[in-house]
Amino acid sequence: MSIKKHIPNTFTLLNLLSGLLAIVEIFNGYYDHAFYFVCLGIFFDYWDGFAARKLDVSSELGLQLDSLADMVTSGVVPGLMMFKLFEFIQAEAPDYMLTDDTYYMGFVPYLGFLITLASAYRLANFNIDERQTENFIGLPTPANALLIMSIPMIQYADYYQWLTDLLYNPYVLLGITLVSTYLLNAEIVLFSLKIKEFSWEKSKLQIGFVLFSIVLLVFFQVVALPLIILSYILISIVVNVAKAK
C-alpha cells in the first residue's frame with residue numbers, strides 16, 4: 001500500500017479536526033482560540049490539495065472528504081460564531097435584551113446559520129460545477145469563514161472603538177450575514193487563491209495578492225482581514241473586466 005496517497009487525506013482530516021476544536025472553543029467562549037483553529041484548518045485545507053497535485057494522488061475520495069472537512073471548518077463554525085455573537089448581544093447589550101414584549105426576537109441568533117446553509121450549498125455545487133476548475137464562482141468558504149471569524153477578533157483588539165461599536169450592532173451583523181450568504185453563491189468569478197506552481201509568470205496574480213495581504217496584515221493586523229476579502233472581490237472584478245475587453 002502506497003503511503004503517499006494517504007498524505008493529502010491526512011491534511012484534510014487535520015482540517016476537520018481543527019474545525020471540531022474551533023466548535024469546542026466557541027462553546028467554551030474562547031472565540032480567539034476558535035479563530036486560530038479555523039486559520040489552522042484553512043492552512044491544512046491548502047496543503048491537502050497541493051500535496052495531492054504534487055504527489056499525483058488526487059482521488060474522488062479526497063474530493064468528497066475535502067468538502068466534508070470544509071463544511072465543518074468553513075461552514076458550521078462561522079455559522080455558529082454568528083449565532084453566538086447575536087446571542088451575546090441579546091444577553092449583554094441593554095438596548096437589545098429580550099423582554100416580555102420582545103421575546104419573539106429570540107429567533108434572531110438562528111439567522112446566523114444562514115451562513116452554514118449557504119456554505120453547504122456552495123460546497124455541494126462546487127463539486128459538480130465544471131466551470132470552477134481554474135477560478136471560483138462565488139466567495140470560497142474558507143475566505144468567508146475568515147471574514148466571519150475576524151469579527152470577534154476585531155472586537156477583542158479594540159484598535160478602532162467606532163468599529164467595535166459598529167460590530168456590536170445586531171443590524172450590522174444581520175447585514176454581514178446576508179451579504180455573506182449572497183457572496184458564497186453569487187455568480188461572480190473570483191481568481192483561485194491556490195498557487196499551483198511557485199512561478200511568477202504562472203502565479204503572479206496569486207503571489208502578488210499574497211504579498212499585498214501580508215502588507216495589510218502588518219499595518220492593520222486582524223482588522224486587515226475584511227479589507228483583504230473585499231480587495232479579493234474587487235481585484236477579481238477588475239481582472240474579469242480587463243479579460244473581457
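Is Gln64 buried, exposed or partly exposed, and at what relative accessibility?

1. Starting with that one: Gln64 comes out as partly exposed because its relative accessibility is 35%, which sits between the 20% and 50% cut-offs. The residue is part of helix H3, residues 60-92. If you want a sense of distance, go from Gln64 to Met82, 18 residues along the chain: their C-alpha atoms are 26 Å apart.

2. A word on confidence, since this is a predicted model. Mean pLDDT for the protein is 86, with 92% of residues at 70 or more. Helix H7 (residues 170-184) has the highest confidence, with a mean of 95, while helix H6 (residues 161-167) has the lowest, at 83.

3. Now the aromatics. Searching the whole structure turns up 12 aromatic pairs. One of them is Phe126 with Phe136, a tilted pair with 6.0 Å between centres and 40° between planes. This pair links distant parts of the chain, with Phe126 in helix H4 (residues 114-128) and Phe136 in strand E1 (residues 135-137), 10 residues apart.

4. Finally, Phe209 and Tyr232 belong to a cluster joined by ring pairs, along with Phe191 and Phe212.

Key: Residues numbered from 1 in each chain as written. Predicted model: local features only at pLDDT ≥ 70, side-chain atom pairs only at ≥ 80, totals over all residues. Heavy atoms only, no water. pLDDT = per-residue confidence, 0-100. Helix = DSSP H or I, 4+ residues; strand = E, 2+ residues; numbered from the N terminus. Buried < 20%, exposed > 50% of the residue type's maximum accessible area, 1.4 Å probe, protein only. Phe/Tyr/Trp six-rings, centres within 6.5 Å; stacked < 30°, edge-to-face > 60°.
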